[in-house]
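Have a look at the structure first, and then read on.

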Amino acid sequence: MLDLLIIMLERVGTIVAVAFILTRFRFFKQLVHHDTLDRRQTVSAIVFFGFFGIIGTYLGVAFNTETFHFNSVTMNLAGEDAIANSRVIGIVVAGLLGGYRFGIGAGLIAGIHRMTLGGFTAFSCGLSTILSGILASYFYKKGKTVKPLTAFAIGALAESIQMGLILVLSKPFTEAWALVQAIGLPMIIANGVGTAIFLLIVYNVMSEQDRATALQAQKTLRIANQTLAHLRKGMTPETCNEVCQILFNELSPSAVAMTNRNEILAHVGVASDHHRSYSPIQTHITKEVLRHGNRVVANDRAIHCVQSDCPLGAAVIAPLKQRDKVVGTLKLYYPSEKAITDVTIELIDGLSSLLSDQLEIAAADQAHELAKDAEIKALQAQISPHFFFNSLNVIISLIRTDPDQARQLLTSLSKFLRQNVEGTTAARVTLEQELSHVRAYLQIEEARFVDKLTIDFDVDPTVLSQLIPPLTLQPIVENAVKHGIADMARGSVVKVRIAARDGETEITVQDNGKGITSERLKMLGEHPVESESGTGMGLFNVHRRLMMTFGDQAGLQFTTASGEGTIVRFAIPKEEAIHHAI
């Protein structure tokens with residue numbers, strides 16, 4: 001009995017080898033992960049486990065109940081022969097991993113095969129093989145793994161059932177009893193242990209593979225997170241050097257390099273003495289990648305470095321693309337071609353796509369900023385003639401009646417236009433500069449209204465350095481003068497309030513004029529609102545520029561009632577101010 005137990009346990013080594021082989025099959029990985037298999041994969045899995053059971057039969061030993069000798073298993077057994085085997089392991093594993101279809105299917109294949117071999121236990125052993133598949137399937141639960149101790153118990157129980165069926169169905173009973181006494185306990189222990197070891201190895205190997213995949217994904221995400229901030233600034237020697245340093249630290253190759261189409265932008269690692277930034281591309285293989293746009297793996301002979309003693313032994317060179325056009329390369333160098341595995345190549349392919357996507361994002365961001373700046377400049381340019389022509393109309397009317405005042409207003413207009421030109425070349429100016437614009441405008445308007453216009457400024461001096469888009473306040477004040485109080489004979493007032501409130505700078509322009517109708521109020525700021533005296537572009541442009549600069553919450557807000565005046569209000573977030581010389 002002890003000799004048989006040792007022989008059976010030796011056979012478990014074969015089970016271990018098969019378990020490792022199984023982990024390489026796609027259907028088996030899906031089976032372990034409890035994924036749904038298609039019909040072809042299901043049939044493949046059933047046939048595989050069935051043949052695994054057949055192999056377990058042939059790996060057993062034939063036992064003669066008359067001589068009590070062990071022999072190799074043959075295609076035809078004598079009437080007094082039986083087989084001490086590990087067939088049940090494959091069938092139990094099939095049922096535990098796949099359920100009834102797999103357990104019964106594999107059991108039928110291995111069980112029918114056992115019946116064809118003959119021997120006085122042929123039927124009982126074949127039947128018990130099928131029942132083992134049904135038994136294991138009963139313990140199958142989708143989404144849950146089977147613990148090794150449970151697998152041992154199920155494998156041992158399946159073998160115990162086989163021993164019971166041999167005693168019940170095999171004749172003569174004396175031979176059946178002698179057989180069970182000789183092989184029963186060794187087979188129960190060996191098959192239980194084999195089933196447990198099989199599943200333990202499978203789960204451990206699959207777990208290691210999943211862990212390696214997870215670590216690889218984690219590394220890729222970490223690289224993406226670290227490189228994004230640099231590549232969003234574009235492909236420059238500085239940004240590429242940062243990216244190469246990140247890849248060098250994370251992947252530990254011999255060296256990492258990035259190029260554009262003409263020169264090396266960065267090289268980190270060995271051979272940096274002659275692979276320098278700003279130097280022309282030195283290897284022919286890199287030029288090939290730039291030309292055809294496909295990743296290549298190069299050995300030391302294919303690299304063809306101009307330095308004869310270059311220590312770079314092998315490289316993976318992948319293209320970097322923007323809009324499907326090759327704009328550069330990513331190169332990872334290794335000591336030899338043997339150090340470049342399939343996993344390494346797959347990772348570099350992924351990094352190439354990742355960095356290309358980041359370059360696409362950088363190009364899109366740059367285009368968006370350019371478009372935004374162009375639109376802001378266009379909106380500012382539209383406002384300049386709007387004020388200019390209104391100012392000239394006032395000055396023209398004063399040339400004959402009051403030349404001195406006309407000259408004074410021309411001086412004010414000249415000052416304003418000079419500031420206006422300076423403003424259109426900058427993205428933002430200070431509130432102090434904006435108020436200077438407003439005062440220059442009001443000097444002209446006060447001459448037109450002749451003492452019937454009162455201007456009230458209430459400005460918090462602590463916010464005068466706050467930055468704001470150029471030509472923001474003047475159109476609002478002009479709108480109040482031109483549309484709010486223009487028809488008033490006397491007592492017209494325009495109030496300008498600038499104050500700091502809760503982390504914001506709030507600007508308010510209020511008039512006591514005729515107000516705005518509800519119909520026109522809905523359109524103000526959202527659309528140009530034409531009238532007899534203007535195109536309505538002023539407030540529309542101011543509203544757009546405020547939202548483009550500070551966000552939607554910074555747009556103009558209107559409060560009005562017919563005959564009670566209008567209040568135009570907006571608030572911008574406080575930020576570090578920059579003082580501009582006027």
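## Ground rules

Helices (H or I, at least four residues) and strands (E, at least two) are DSSP runs, numbered from the N terminus. The model is predicted, so local features need pLDDT of at least 70 and side-chain atom pairs count only at pLDDT 80 or more, while totals for chains, interfaces and linings use all residues. Residues are numbered from 1 along each chain as its sequence is written, and side-chain values use heavy atoms, with hydrogens and water left out.

## The overall picture

The protein has 17 helices and 15 strands. Of its 582 residues, 49% are buried (under 20% relative accessible area; exposed is over 50%, and partly exposed is in between, with a 1.4 Å probe and protein chains only).

Take the contacts (heavy atoms within 4.5 Å) between residues at least 6 apart in sequence: 67% of them join residues at least 24 apart.

## A nonpolar surface patch

Tyr100, Leu131, Ile134, Tyr138, Phe139, Leu157 and Ile161 make a nonpolar surface patch of about 630 Å². Patch residues have over 30% relative accessible area and no salt bridge; like charges are joined within 9 Å, and nonpolar side chains (Val, Leu, Ile, Met, Phe, Trp, Tyr) within 5 Å. A salt bridge here is a side-chain nitrogen of Lys or Arg within 4 Å of a carboxyl oxygen of Asp or Glu.

Helices H6 (122–138) and H7 (148–169) each supply at least two residues of the patch, and H6 gives the largest share, 3 residues. Phe139 sits in the loop between H6 and H7, and is partly exposed, at a relative accessible area of 35%.

## An open antiparallel sheet

Five strands form an open sheet in the order S5-S4-S8-S7-S6, with antiparallel pairing (two strands pair if DSSP finds at least two bridges between them). S5 (264–269) and S6 (296–299) are at the edges with a single partner strand each, so one side of each has no neighbour in the sheet. From one strand to the next, the twist averages 15° (axes are lines fitted to C-alpha atoms, for helices over the stretch in contact; angles run from 0 to 180 degrees between N-to-C directions).

S4 (255–259) and S8 (325–334) pair over 5 bridges, and Met258 has Leu330 in S8 as its bridge partner. Helix H9 (237–251) packs on the sheet, touching S4, S5 and S8, and its direction makes about 30° with that of S5. Helix H10 (284–292) lies across S4, S6, S7 (314–322) and S8, running at about 145° to S8.

How values were computed:
Accessible areas come from the Shrake-Rupley method with a 1.4 Å probe; for residues, only the protein chains shown count as cover.
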